[in-house]
Amino acid sequence: TLWYDRPRYVYLEFCVEDSRDVKVVFEDQRLVFSCKNADGVEFYNEINLYARVNSKDSREKRSDRSITCFMRKWKEKVAWPRITKENIKPAWLSVDFDNWRDWE
């Protein structure tokens with residue numbers, strides 16, 4: 001799973017090829033993600049977000065190789081130093097340095 005920060009949105013990309021039964025639930029301070037891959041393996045993540053997002057203006061987009069979540073920040077132009085509320089980096093989560101921009 002990769003993430004990066006922009007002034008208005010935080011992007012989160014779940015890299016699951018040939019995903020099925022994709023479910024993404026956006027809440028104000030939490031994201032719930034689940035799906036199955038082509039082999040039937042189930043993926044499930046609950047992420048307590050660093051800051052509040054606008055759940056009504058957040059979307060996901062599924063492609064053949066991944067599911068990308070676009071989460072609209074509640075406070076725009078405020079940088080997120082991490083995506084999780086906890087100051088612990090899960091092993092399955094990485095910064096997407098290819099898309100990261102130092103926009104401040």
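**Close-up 1. Strands β4 and β5 pair in the antiparallel sense over 7 bridges.** The model is predicted; local features need pLDDT of at least 70, side-chain atom pairs count only at pLDDT 80 or more, and totals for chains, interfaces and linings use all residues. Residues are numbered from 1 along each chain as its sequence is written, and side-chain values use heavy atoms, with hydrogens and water left out. Strands (E, at least two residues) and helices (H or I, at least four) are DSSP runs, numbered from the N terminus. Two strands pair if DSSP finds at least two bridges between them. Strands of a sheet pair through backbone hydrogen bonds, either parallel or antiparallel. β4 and β5 belong to an open sheet of 3 strands, ordered β3-β4-β5, with antiparallel pairing. β3 (20–26) and β5 (42–48) stand at the edges with a single partner strand each, so one side of each has no neighbour in the sheet. From one strand to the next, the twist averages 5°. Axes for such angles are lines fitted to C-alpha atoms, for helices over the stretch in contact, and angles run from 0 to 180 degrees between N-to-C directions.

Close-up 2. A salt bridge here is a side-chain nitrogen of Lys or Arg within 4 Å of a carboxyl oxygen of Asp or Glu. R30 is partly exposed at 24% relative accessibility. E27 is partly exposed too, with a relative accessible area of 32%. Buried means under 20% relative accessible area, exposed over 50%, and partly exposed in between (1.4 Å probe, protein chains only).

**Close-up 3. The rings of F14 and F33 are stacked.** A pair of aromatic rings is described by the distance of the centres and the angle of the planes. Rings of Phe, Tyr and Trp (its six-membered ring) pair if their centres lie within 6.5 Å; planes under 30 degrees apart count as stacked, over 60 as edge-to-face and the rest as tilted. By this rule the count comes to 5 aromatic pairs. For F14 and F33, the centres are 3.8 Å apart and the planes stand at 0°. F14 lies in strand β2 (residues 9–14) and F33 in strand β4 (residues 30–36), so the pair ties together parts 19 residues apart in sequence. F14 is buried, at 2% relative accessibility. F33 is buried as well, at 1%.

**Close-up 4. L93 and F14 are separated by 9.3 Å between their C-alpha atoms.** Along the chain, the two residues are 79 residues apart. L93 sits in the loop between β7 and β8. At 4% relative accessibility, L93 counts as buried.

**Close-up 5. Y4, Y9, Y11 and F70 form one aromatic cluster.** Among its members, Y9 and Y11 make a tilted pair, with 6.1 Å centre to centre and 45° between the planes. Y11 is buried, with a relative accessible area of 16%.

**Close-up 6. R52 places its charged end over the ring of W74.** The charged end lies 3.8 Å from the ring centre. A charge sits over a ring if NZ of Lys or CZ of Arg is within 6 Å of the ring centre and within 35 degrees of the ring normal.

**Close-up 7. Salt bridges that share partners join R8, D57, R72 and E76 into one network.** A search of the whole structure finds 8 salt bridges. One of them links E76 and R8, with the closest N and O atoms 3.5 Å apart. E76 lies in the loop between β7 (67–73) and β8 (94–95), and R8 in the loop between β1 (2–5) and β2, so the pair ties together parts 68 residues apart in sequence. E76 is partly exposed, at 32% relative accessibility. R8 is partly exposed, at 42%. D57 and R72 meet in another salt bridge, at 2.6 Å from N to O. D57 lies in strand β6 (residues 53–62) and R72 in strand β7, so this pair ties together parts 15 residues apart in sequence. D57 is partly exposed, with a relative accessible area of 26%, whereas R72 counts as buried at 15% relative accessibility.

**Close-up 8. The UniProt annotation "domain: CS" covers residues 1–84.** The annotation comes from an unreviewed entry. UniProt positions are given in the numbering used here, feature names are shortened, and annotations may be inferred rather than shown by experiment. The end C-alpha atoms of the span lie 13 Å apart. Residues 1–84 are 0% helix and 57% strand.
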